[in-house]
Amino acid sequence: SLSQESDYQPGTGIALNILSQIAYRAGDYETALTYGRQSLEIVTRLGNPWSKAFSLANLAQVAFARQEYDEARQLDQTILEIREQMGDVRGVAMCLEQLALTAVAQQNPGDALALYQRSLALYREIGNQRGTISTMAGLGRIALQQEAYELARTYFADALNRAIQLQNVPE
């Protein structure tokens, strides 16, 4: 395995993480898990919280895709704790948004709503328009499920207007 072939363990941990992402995107969840677990083992041993959060995120994505929502939620909760300890506001917002998606999948709109609202507040705090747009869309979907059509329209219209404006902003 790759983890045994290289003496440069930080690079190996990152490489395994990337291989896990590639396998996930290809729909090969077993391979994604194998590489993700190997990556997690290395980066945990090295004490790198940033890389650990990314390795855990790959495992959480696979769990979510396999509809193993309790596992996905537990992994994302661990990632959230790491991101909070690091002071990574954007990472916390992204993790809250992922936890909201899991709450939606588990048919828990109350939790999803609270998580989306926390995420939205953080995205706005740091001026992250893409995160604001995706979170507003998530809030719109929750409003639709609750048959709050005017609120849903407001969320979706705001998200659409921001998306249109963002395309005019050079990166």
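This is a short tour of a predicted model, stop by stop, for you to follow in your viewer.

Before you start, note that residues are numbered from 1 along each chain as its sequence is written. In this predicted model, local features need pLDDT of at least 70 and side-chain atom pairs count only at pLDDT 80 or more, while totals for chains, interfaces and linings use all residues, and side-chain values use heavy atoms, with hydrogens and water left out.

**Stop 1: the whole chain.** Helices here are DSSP runs of H or I with at least four residues, strands are runs of E with at least two, and both are numbered from the N terminus. The C-alpha trace spans about 55 × 35 × 30 Å along its principal axes. Of the 171 residues, 39% are buried (under 20% relative accessible area; exposed is over 50%, partly exposed in between, with a 1.4 Å probe and protein chains only).

**Stop 2: the largest pocket.** Select Ala-57, Gln-61, Met-94, Cys-95 and Gln-98, which lie nearest the centre of the largest pocket among its 27 lining residues. Elements giving two or more residues to this lining are H2 (9-25), H4 (49-65), H5 (69-86), H6 (89-105), H7 (109-126) and H8 (129-145). Colour H4 next: its eight residues are the largest share of the lining. A pocket is an open set of points on a 1 Å grid over the protein atoms alone, where a 1.4 Å probe fits, with protein on both sides within 12 Å along at least five of seven lines; lining residues have an atom within 4 Å of a point. The space in the largest pocket is about 620 Å³, a volume being the space filled by probe spheres set on the points, which are joined across faces, edges and corners.

**Stop 3: helix H2.** Pick Ile-22, which lies in H2. Why does Ile-22 count as exposed? Because its relative accessibility is 51%.

**Stop 4: Gly-27.** Move to the loop between H2 and helix H3 (29-46), where Gly-27 sits. Gly-27 counts as partly exposed because its relative accessibility is 42%. Draw a C-alpha to C-alpha distance from Gly-27 to Ala-152: the two are 125 residues apart in sequence and 32 Å apart in space.

**Stop 5: helix H9.** Finish at Leu-151, in H9 (residues 149-166). At 41% relative accessibility, Leu-151 counts as partly exposed. Gly-140 is eleven residues from Leu-151 in sequence and 7.2 Å from Leu-151 in space, C-alpha to C-alpha.
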